[in-house]
2 protein chains.
Amino acid sequence: MKISGVPYRTIWPVESGAVRVIDQSRLPFELVTLDLATLEDAARAIKTMVVRGAPLIGATAAYGLALALRADASDRRIEEAARILLATRPTAVNLAWALARVRSVIAHLEPGRRFQAAFREAGKICDADVEQCRSIGVHGLEIIRRLAKPSRRRVNILTHCNAGWLACVDWGTALAPIYMAHDAGIPVHVWVDETRPRNQGASLTAYELGAHGVPHTVIVDNLGGLLMQRGEVDCVIVGSDRTTACGDVCNKVGTYLKALAAKDNDVPFYAALPVSTIDWSLDSGRDIEIEERSAAEVTSVIGRTAAGEVASVRVVPEASAALNLAFDVTPARLVTGIITERGVCAAGREGLLDLYPEQRRSA
Amino acid sequence: MKISGVPYRTIWPVESGAVRVIDQSRLPFELVTLDLATLEDAARAIKTMVVRGAPLIGATAAYGLALALRADASDRRIEEAARILLATRPTAVNLAWALARVRSVIAHLEPGRRFQAAFREAGKICDADVEQCRSIGVHGLEIIRRLAKPSRRRVNILTHCNAGWLACVDWGTALAPIYMAHDAGIPVHVWVDETRPRNQGASLTAYELGAHGVPHTVIVDNLGGLLMQRGEVDCVIVGSDRTTACGDVCNKVGTYLKALAAKDNDVPFYAALPVSTIDWSLDSGRDIEIEERSAAEVTSVIGRTAAGEVASVRVVPEASAALNLAFDVTPARLVTGIITERGVCAAGREGLLDLYPEQRRSA
């Protein structure tokens, strides 16, 4: 999408032979790019969250593996590079998937041809992600178009966390339909949940919407219920980290509360996600293990001081404990529909299998 | 309640003739008291939120009016002092009520007797508030006692914002039952919503619970739903800024989301409040006007830096708008019961009128 009118992706190859990324740890206050020229550069970028978001982590790892092979493309080097990259974010499913995809392409090539083939495959991974997100956008756009028709006023969409292009290579998942609607001239306005504890809404979602020119307003996570009571939300669109075969949606903590409020106020609630996040082996969201992260993310907040420095301030008494569980599960009964690259379906086994009939055989 | 074993109120007269308050703008990081010796001191304390919370604002205003009369207790001076105090927080109902109460006591006294009578009346206002909160605690304690019986494990109570003794003179409203249960040896543990945007939970509720020795854990406002799904919340107790004659509860924004989650998970949800916050003239909570406050409370967070300084950091891009509505309304259908100084009743007209039969005549 665009930043001040210039089209961007989150990762792209440059003439020097390196790949360039947006340093997301500096957002929303500074737009800085960083060139990754070596395996070590790529590993560091993932580990320090210069890049984040499952699809972008996968793409960066794929390029990282390619870069590792520029001087030495031996089997031993492939093994070593994959090990280093995997260790950067051990729970990121896309990372392992992307590495396996690149390795399967180069395994049987002679070493002299491996670097270029790996680099090309990393590019294909990026292009495929863009195409997948674009398809999610096309299907989600129809939902927004229908909402826009009766009222002719702006369509107010609430989103939680960041499921935008900064988490992917381009477009995003939850935000893809919004960008498409905006670009198509449909007047959209986004309520952006700040999304404590890590504030990905206030920092990343607000930044990328603003940079592309999409009208939006940042709100605390507490406000969405009141806005729905007042009729100021036409629909909710969120992303998903993992969705079960029965349509239970695991996403950033707090999503469930917004889904409850949507249900209570007859506001349609959608999850937008690529097929890779559907866990066909799981029925109930109750079986999803929820990641517990550092309490420091709750007890402290990072922002910019009046002097312009990025600083962390403590907001909880030193003697108080804090608990930081990163996700919650929204039961399928609260989800109006699931938007994937293949279309929109009801949140449930039948709906998902209608979109992915190939899963019936294995079910 | 206690701070490190020492019993405190939020406001009390000292030998010098002044009244002493806890400077709440320095909490949770420093316990500092401040002496109010003049009308100007009291007005400044209210205006700068050295004191906050409706009952405490009322008590401070009452003392402020008394202090104003020490040297000059003329009718003109009374008028002037009341005007200055009313202007400090124009929307605080308790402030006007407390000033009217003191004025009605001194109006017909000769000026020479007014100062002492006003000072005495301010003390009575404080004592009455303490007694009222204590009664709320006694009735709420029975709810916690019943929850403690079957499990014999700790009772987990979730609260939102600060409805503790720091907002009152002592005990608090929502926290009074919790202090009583703790002091009675019932093992309680409190989930403290940080309560964005002003973080009164993370700062004040966590501080006062910790100071009194009540086990508690600070959580982001997004987490309560997951905790209820997991069975880790036995009940919710919140305060209320205004409750309608039909039992709709207006409280700090985000309360409604917690009530929805409580309903969805069969967790009892209580509002604890003194009769003064019941608005008998209003039926539906939809008619309550919601205060819009400065967007800066959303775009910035105040906390303590590593260097020990209290600082404000910006967490939202400069170009992004923010909206800050301070309250929401929880419909009576989501409220299990209302705890007042007279007992516990169902959230509805009949329940409230059973506790306050004198309102039937006027209804």
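This is a predicted model: local features need pLDDT of at least 70, side-chain atom pairs count only at pLDDT 80 or more; totals for chains, interfaces and linings use all residues.
I started at the interface of chain A and chain B, where the rule finds six salt bridges; the rule asks for a side-chain nitrogen of Lys or Arg within 4 Å of a carboxyl oxygen of Asp or Glu. Residues are numbered from 1 along each chain as its sequence is written, chains are lettered from A and ligands numbered from 1 in the order in which they are written, and side-chain values use heavy atoms, with hydrogens and water left out.

**Entry 1: the interface**

I looked up one cross-chain pair, and B:Glu194 forms a salt bridge with A:Arg196, with 2.7 Å between the closest N and O atoms. Then I checked the contacts: 62 residues of chain A touch 62 residues of chain B, where contact means heavy atoms within 4.5 Å. The two chains bury about 4,700 Å² between them, and 60% of that is on carbon and sulfur atoms. Buried area here is the accessible area (1.4 Å probe) that two parts lose on being put together, summed over both. I noted that A:Asn222, A:Gln229 and A:Leu257 supply 14% of the area that chain A buries against chain B, more than any other three residues.

Do the copies meet through the same surface or through different ones? I found that 100% of the interface residues of chain A are also interface residues in chain B, so the copies meet through the same surface.

Next I looked at how the copies are related. Chain A goes onto chain B by a rotation of 180 degrees with 0.0 Å of shift along the axis, at an RMSD of 0.1 Å. The two copies are thus related as by a two-fold rotation axis.

**Entry 2: helix 3 of chain A**

Helix 3 (residues 75-86) of chain A has twelve residues and reaches 17 Å from its first C-alpha to its last, close to the 16 Å expected at 1.5 Å a residue. The expected span is 1.5 Å times one less than the number of residues. Helices (H or I, at least four residues) and strands (E, at least two) are DSSP runs, numbered from the N terminus.

Which residues of helix 3 of chain A are buried? I listed A:Arg77, A:Ile78, A:Ala81, A:Ala82 and A:Leu85. Seen down the helix axis, they fall within an arc of 130 degrees, so they line one face of helix 3; the arc is that of the directions from the helix axis to the C-beta atoms. Buried means under 20% relative accessible area, exposed over 50%, and partly exposed in between (1.4 Å probe, protein chains only). The buried residues pack against helix 1 (39-47), helix 2 (54-68), helix 4 (93-106) and helix 5 (111-151) of chain A. The face turned away carries the exposed residues A:Asp75, A:Arg76 and A:Arg83.

**Entry 3: salt bridges from helix 3**

Over all chains, the count comes to 52 salt bridges. I followed two that involve helix 3. A:Asp75 pairs with A:Arg114, the closest N and O atoms being 2.8 Å apart. A:Asp75 lies in helix 3 and A:Arg114 in helix 5 of chain A, so the pair ties together parts that are 39 residues apart in sequence. A:Asp75 is exposed at 52% relative accessibility, whereas A:Arg114 is buried at 4%.

A:Arg77 forms a salt bridge with A:Glu80, with 2.7 Å between the closest N and O atoms. Both lie in helix 3 of chain A, three residues apart, about one turn of the helix. A:Arg77 is buried at 16%, and A:Glu80 is partly exposed at 25%.

I also jotted down a network of salt bridges that links A:Arg198, A:Glu291, A:Arg293 and A:Glu297.

I found a cis peptide bond joining A:Leu27 and A:Pro28, with omega about 5 degrees. A:Pro28 sits in the loop between strand 4 (19-22) and strand 5 (33-36) of chain A. In chain B, a cis peptide bond joins B:Arg196 and B:Pro197, with omega about 10 degrees.

Last item: A:Met49 has phi near 60 degrees, a positive value in a residue other than glycine. A:Met49 is in the loop between helix 1 and helix 2 of chain A, and is partly exposed at 23%.

How values were computed: Copies are superposed by least squares on the C-alpha atoms of residues with pLDDT of at least 70 in both.
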